[in-house]
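Keep the structure open while you read.

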Amino acid sequence: MTDSVDEIRKEVRDWLAEHWDAETGKGRSAGSVRDWLDHVIAAGWAAPSWPAAYWGRGLGKEETSAVINEFRKVGAPGAGQDRGNIPANSIMQFGSEALKRRMIPEFLRGAQVCLLYSEPGAGSDLAAVQTRADRKGDVYVVTGQKVWTSGAHKADYGLLLARTDWDAPKHDGLSFFIIPIRQAGIEIRPINQITGDSHFNEVFLDNAEVAADNRVGEEGQGWKVMQTALAVERLIMGEGAGERRQGSMKDNVVSLIDIARETRKIGDPVLRQEIAQAMAYRQLNALNIIRSKQEMAQGSSSPIMSLGKLAMSRILHGDAAVMTKLLGAASMLDADANPRAADVNYRTANAFMTSIGGGTDQIQRNIISERVLGLPRETEADRTIPFRESRAVKG
Ligand SMILES: Cc1cc2nc3c(=O)[nH]c(=O)nc-3n(C[C@H](O)[C@H](O)[C@H](O)COP(=O)(O)OP(=O)(O)OC[C@H]3O[C@@H](n4cnc5c(N)ncnc54)[C@H](O)[C@@H]3O)c2cc1C
């Protein structure tokens, strides 16, 4: 451990001891969450690796990890957004100077976004999106349909992938925007999920407007911006954001052992082996996440993150399967009278969230095979032709 890491760790600890009350889980000045985040931003902890001129402190990888860990230990929010805030990172890497100044502080302060990427005809093949954004003076006019948009009903802004050029090949005719979501031209309809939750939506855009100044990157550069946005999302999912309702990773493993004790199967050698395997996968994934974070910190959109995301989906399916075996026939029960079974059934259905959202398991395997293992690229007959001539448009 270097001196500078120890120094930063001490500085963060002292700062948190002065400003954060772990008992109440609030800032000592007792303001709103937004006030707390303002405080974190002003101290340079929100994005420690960014330069001081951009809300940071110019810290290295290890120092940044130390900052994040200290905040985590006391449960204080807001640190390390240079690794996990999708809009802030996308704008920081590709946005104009004016957009950075205007919007990054809003996102560091907790403005909510939804991801307006997928469409009924464009999920895995995301570059086939057909929502159009036509420039009219200082604005773009947007028309089309998005689907599976998580959190649109609570969002302030949408990160929008839309087509601005129909004569360019499909990847080159896209642009990326930050669109205000609450406006007359946008209708949001909730979708009901198998788990009983309703986290995502259909979003209909009918002559919605977004200022040209809210474009991230150049016109036609949208696909490149998307790669950074998707890499940050994979990192979040690989770390287990899909488990929010299911507690921390450690809790999850402990609960496997707890269930084995409760069901008196802790002595079963086969199940013991499966529990040990689940724990080993988690440990392996944690190491992999460290590796991908290091690549990200060097500014690349690491394909290694696909391994983390794929591993997390395998872990969630695997845990649910072991829990189901532990419960045996009791897992067929459900509802409030059988909380254990209800929880396991929820986990079983919910595991698909990680293996589909943010790019399916099959797509992660394609990325790993092409970009990590160097295998030949998948054939794409429409990659170089003008998009308006592709089968996606002609049907
Ligand atoms: C919980 C959740 C949250 C989501 N949140 C959002 C969101 O906020 N914003 C957003 O824009 N989208 C969101 N999505 C959508 C998600 O990104 C898409 O569902 C996903 O990319 C798959 O696209 P699709 O549903 O169109 O399936 P398709 O692309 O039609 O795929 C169908 C099947 O074919 C397989 N397949 C397709 N192409 C290939 C290929 N080239 N090689 C091998 N197999 C292939 C897929 O793996 C899959 O099994 C979310 C999805 C989920 C489940």
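Trp-55 is found in the loop between helices α2 (33-43) and α3 (61-74). Helices here are DSSP runs of H or I with at least four residues, strands are runs of E with at least two, and both are numbered from the N terminus. Trp-55 counts as buried because 24 other C-beta atoms lie within 10 Å. For the burial labels, C-beta atoms are placed from the backbone: 20 or more others within 10 Å means buried, 12 or fewer means exposed, and anything in between is partly exposed. The phi of Trp-55 is near 65°, a positive value in a residue other than glycine.

Before going further, keep in mind that this is a predicted model, where local features need pLDDT of at least 70, side-chain atom pairs count only at pLDDT 80 or more, and totals for chains, interfaces and linings use all residues. Residues are numbered from 1 along each chain as its sequence is written. As for pLDDT, that's the predictor's confidence in each residue, from 0 to 100. The chain averages 90, and 93% of the residues score at least 70. Residues 241-250 are another story: pLDDT stays under 50 there, and the model has 14 contacts for them beyond four places in sequence. A contact means that the C-beta atoms of two residues, placed from the backbone, lie within 7 Å. Where pLDDT is low, the predicted coordinates should not be read in detail.

Now for the loop between α8 (249-262) and α9 (269-297), which holds Thr-263 and also Arg-264. Arg-264 has a positive phi of about 55° although it is not a glycine. Arg-264 counts as exposed because it has 9 C-beta neighbours inside 10 Å, while Thr-263, with 17, is partly exposed. Leaving aside neighbours within four places in sequence, Thr-263 is in contact with Leu-326 and Leu-327. Its C-alpha atom is 9.0 Å from that of Gly-328, 65 residues apart along the chain.

How is the chain divided up? The domain assignment gives domain 1 (3-84), domain 2 (113-219) and domain 3 (239-359); such bounds come from an automatic or database assignment. The centres of domains 1 and 2, taken over C-alpha atoms, are 33 Å apart. Helix α5 (residues 86-94) is largely enclosed by the rest of the structure, because eight of its nine residues are buried. Among the buried ones are Ile-86, Pro-87, Ile-91, Met-92 and Phe-94.

On to the strands. Two strands pair if DSSP finds at least two bridges between them. The pairings look like this:

| Strands | Sense | Bridges | Opposite residues |
|---|---|---|---|
| β3 (113-116) and β6 (157-163) | parallel | four | Leu-116 and Leu-160 |
| β4 (132-136) and β5 (139-150) | antiparallel | five | Asp-134 and Val-141 |
| β6 (157-163) and β7 (174-180) | antiparallel | seven | Arg-163 and Leu-174 |

Is strand β6 mostly covered or mostly open? Strand β6 is mostly covered, with seven of its seven residues buried. In a regular strand the side chains alternate between the two faces of the sheet. In β6, Tyr-157, Leu-159, Leu-161 and Arg-163 point one way, while Gly-158, Leu-160 and Ala-162 point the other way.

Thr-164 is partly exposed because it has 19 C-beta neighbours inside 10 Å. Beyond four places in sequence, its contacts include Ala-133, Gly-173 and Glu-219. Ala-133 is 31 residues apart from Thr-164 along the chain, yet their C-alpha atoms are separated by 5.3 Å. In the hairpin of β4 and β5, there are two residues between the strands, and Gly-137 takes a positive phi near 65°.

Which residues come nearest to the ligand? Of the 20 residues around it, those are Tyr-117, Gly-123, Ser-124, Gly-357 and Thr-360. The elements giving two or more residues to this shell are β3, β5, α11 (339-356) and α12 (361-372). Domain 2 and domain 3 each supply at least three residues to the shell. By class, the shell has eight nonpolar, eleven polar and one charged residues. Here Ala, Val, Leu, Ile, Met, Phe, Trp, Tyr, Cys and Pro count as nonpolar, Asp, Glu, Lys and Arg as charged, and the others, Gly among them, as polar.

Notes: A residue is near a molecule or strand if its C-beta atom, placed from the backbone, lies within 6 Å of it.
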